[in-house]
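Please look at the sequence and the 3D view first.

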Amino acid sequence: MKRVLGVASALLLSASATSASAAESRWASVEMTPSEGWTVLQTGYWSMRGGFQGTFDVNITNRSDRDVSDLHLHISLPPAKLAVTGWEGDYWRCWNVEGGAGAEGVHCAADFLAVPGEAFPTLKVHTKGLEHHTDSIDLYAESRGAEPAHAGVPYRIDLST
């Protein structure tokens, strides 16, 4: 039994290093990748132990035929259940927002000009699971009124012992 659990754990750990949520629109590709504290389940869900820290990376590439210097992000999540404890990344400034469902989370703007085909600097988002629940993290990238590029991932916070 221990050998089976060890093999299953190794498979889950190998999946966590490669699984990402990605989307592409006409003007941008958007990717969220778990980097620390999150495990990726075979179902595609990200999972975190409640009370612990987790980090995910946000990567956005300009796929348009114009320079993009007005990138704005909205990271939608329920902060009472999955708190954003910080963020870091060159040229990024972020702030917490509160509102109704879908409006709460974090807004960010990049003070960076990306030419066609260039990636914006990586944004690292630090989180902490506060309650046992299942939901999704949704990221919307916007620029100059273009249709928002969206990436999302279902997740689960587990408080069981």
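The structure holds one disulfide, meaning a pair of cysteine sulfur atoms within 2.5 Å. This is a predicted model, where local features need pLDDT of at least 70, side-chain atom pairs count only at pLDDT 80 or more, and totals for chains, interfaces and linings use all residues. Residues are numbered from 1 along each chain as its sequence is written, and side-chain values use heavy atoms, leaving out hydrogens and water.

**The disulfide**
- Cys 94 and Cys 108 form the disulfide, with an S to S distance of 2.2 Å.
- The link between Cys 94 and Cys 108 is right-handed, at 110° about the S-S bond.
- Cys 94 lies in strand β8 (residues 92–97) and Cys 108 in strand β9 (residues 105–110), so the pair, 14 residues apart, links distant parts of the chain (strands are DSSP runs of E, at least two residues, numbered from the N terminus).
- Cys 94 is buried at 13% relative accessible area (buried means under 20%, with a 1.4 Å probe and protein chains only).
- Cys 108 is also buried, at 1% relative accessibility.

**His 133**
- His 133 sits in strand β11 (residues 133–142).
- His 133 counts as buried because its relative accessible area is 9%.
- The His 133 side chain makes a polar contact with the Tyr 155 side chain at 2.8 Å (a pair of N or O atoms within 3.5 Å, one able to donate a hydrogen and the other to accept it; residues adjacent in sequence count only if both atoms are side-chain atoms).
- The His 133 side chain also reaches the backbone oxygen of Glu 131 at 2.8 Å.
- Leaving out residues up to four places away in sequence, His 133 touches Pro 78, Lys 81, Leu 82, Tyr 155, Arg 156 and Ile 157 (contact means heavy atoms within 4.5 Å).

Methods
Helices (H or I, at least four residues) and strands (E, at least two) are DSSP runs, numbered from the N terminus. Buried means under 20% relative accessible area, exposed over 50%, partly exposed in between (1.4 Å probe, protein chains only).
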